[in-house]
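Here's a quick tour for someone opening this structure for the first time. Have a look around, then read on.

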Amino acid sequence: MGQKKLIKFAAIKAYENVLEFPQNMQGKWAAFFDAIKKSITPIDITKLVISDQTVLSNTTTPLTIELACGRGEYAVGLGRMFPEQHFIGIDLKGNRIWKGASIANKDGLKNVAFVRSQIELTSNYFAKDEVDEIWITFPDPQLRWSKAKKRLTHPKFLRLYQQFLKKEGIVHLKTDSPLLYHFTLKVIEMYGLNLIYKTDHLYAEQKIDPRCLIKTYYEGLDIAQSNKIHYIQFNIDKDLPIELDAILKEAIKDIPMDAGELIRMQAEAARAKKEA
Ligand SMILES: C[S@@+](CC[C@H](N)C(=O)[O-])C[C@H]1O[C@@H](n2cnc3c(N)ncnc32)[C@H](O)[C@@H]1O
């Protein structure tokens, strides 16, 4: 492993605003941010107070998480826009999280934190109703049909998010992958979820939600060379019957891959080889 990565891994271990695979954090995020704001160091997670269910359901300090956050542009950017709210970026790669966590530290953003973990484990970290919004920013679209279950908007993941997202909570997907966009719309339609907003060309819209103007590292790479950003907002307001998953699997076979997706496949394969 490169020296630079090792330095970043060591740095995040010492940061109060980064937790790696934290244990027993459910219901404690309000207390955690309180400790960060009071500059308490080190923060002893075991001593943080758990918010009760009434507090979580009626919280006045909303909590938003960014999944597959990479360098955490959304966690940091939203943290700047909404200083009264709390934001957590989640990603497995410590060297990427280091970037966002370092900026938050340097700029004194005491409402922004990061968790290093697999997204698959997120339900261990948040209590029922603890999260108000989820941003999924340029996740790997997992283009192969056989990998559809790994897409972060697959019902398998939505069931996971449902365990801690408020019923009226909002999921935002920002992607440059038409395939992931159409896949997600199919899931929303098949499972009868509430679609709030969709566009297959965000920056061509007359009115753009200012939050959508935050740009991430991967957005800047424009791997699929499409220059078109797709964006969806929806609620996970219904149960997602497991029986439908098999029907979904067949229904998504026909979603076409355009030329950009093929360029992406090649670029990502090359990138993965380089990083290995
Ligand atoms: C394509 S990058 C996007 C990063 C960032 N959102 C951006 O737009 O620049 C996808 C990110 O998802 C993370 N990731 C992929 N699968 C994950 C998983 N199961 N759990 C945690 N992180 C994951 C990777 O580490 C990577 O940083």
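What follows is a short walk through some helices and a few backbone details.

## Helix H1

Keep in mind that this is a predicted model. Start with helix H1, which covers residues 3-14. How far apart are its end C-alpha atoms? They sit 17 Å apart, and because 12 residues at 1.5 Å a residue should span 16 Å, the two agree.

## H1 against H5

Two packed helices are described by the angle between their axes and the distance between the axes. For H1 and helix H5 (residues 94-106), the angle is about 60° and the axes are 9 Å apart. Angles from 65 to 115 degrees would count as roughly perpendicular and those under 35 as roughly parallel, so H1 ends up oblique to H5. The crossing of this pair is left-handed.

Which residues make the contact? On the H1 side they are Lys5, Lys8, Phe9, Ala11 and Ile12, while H5 brings Gly94, Asn95, Ile97, Trp98 and Ala101. Sorted by class, that contact holds six nonpolar, two polar and two charged residues. An α-helix has 3.6 residues a turn, so residues three or four places apart point the same way.

## H4 against H5

H5 also packs with helix H4 (residues 73-81), at an angle of about 20° and with the axes 9 Å apart. The cut-off for roughly parallel is under 35 degrees, so H4 counts as roughly parallel to H5.

Here Ala75, Val76 and Gly79 of H4 meet Gly100, Ile103 and Ala104 of H5. By class, this contact of H4 with H5 has four nonpolar and two polar residues, with no charged ones.

## Backbone details in the loops

Now for the loops. Thr41 and Pro42 are joined by a cis peptide bond, with omega at about -10°. Where is Pro42? You'll find Pro42 in the loop between helix H2 (29-37) and helix H3 (53-57).

Phe21 has a positive phi, near 40°, even though it is a residue other than glycine. Phe21 is in the loop between strand E1 (18-20) and H2. Is Phe21 buried or exposed? It has 12 other C-beta atoms within 10 Å, so it is exposed.

Asp222 isn't a glycine either, and its phi is positive at about 45°. Look for Asp222 in the loop between helix H8 (217-221) and strand E8 (230-235). With 14 other C-beta atoms within 10 Å, Asp222 is partly exposed.

Methods
Residues numbered from 1 in each chain as written. Predicted model: local features only at pLDDT ≥ 70, side-chain atom pairs only at ≥ 80, totals over all residues. Helix = DSSP H or I, 4+ residues; strand = E, 2+ residues; numbered from the N terminus. Expected span 1.5 Å × (residues − 1). Axes fitted to C-alpha atoms, helices over the stretch in contact; angles between N-to-C directions. Parallel < 35°, antiparallel > 145°, perpendicular 65-115°, else oblique. Left-handed = near helix turned anticlockwise from the far one by under 90°. Contact = placed C-beta atoms within 7 Å. Nonpolar A, V, L, I, M, F, W, Y, C, P; charged D, E, K, R; others polar. Buried ≥ 20, exposed ≤ 12 C-beta atoms within 10 Å, placed from the backbone.
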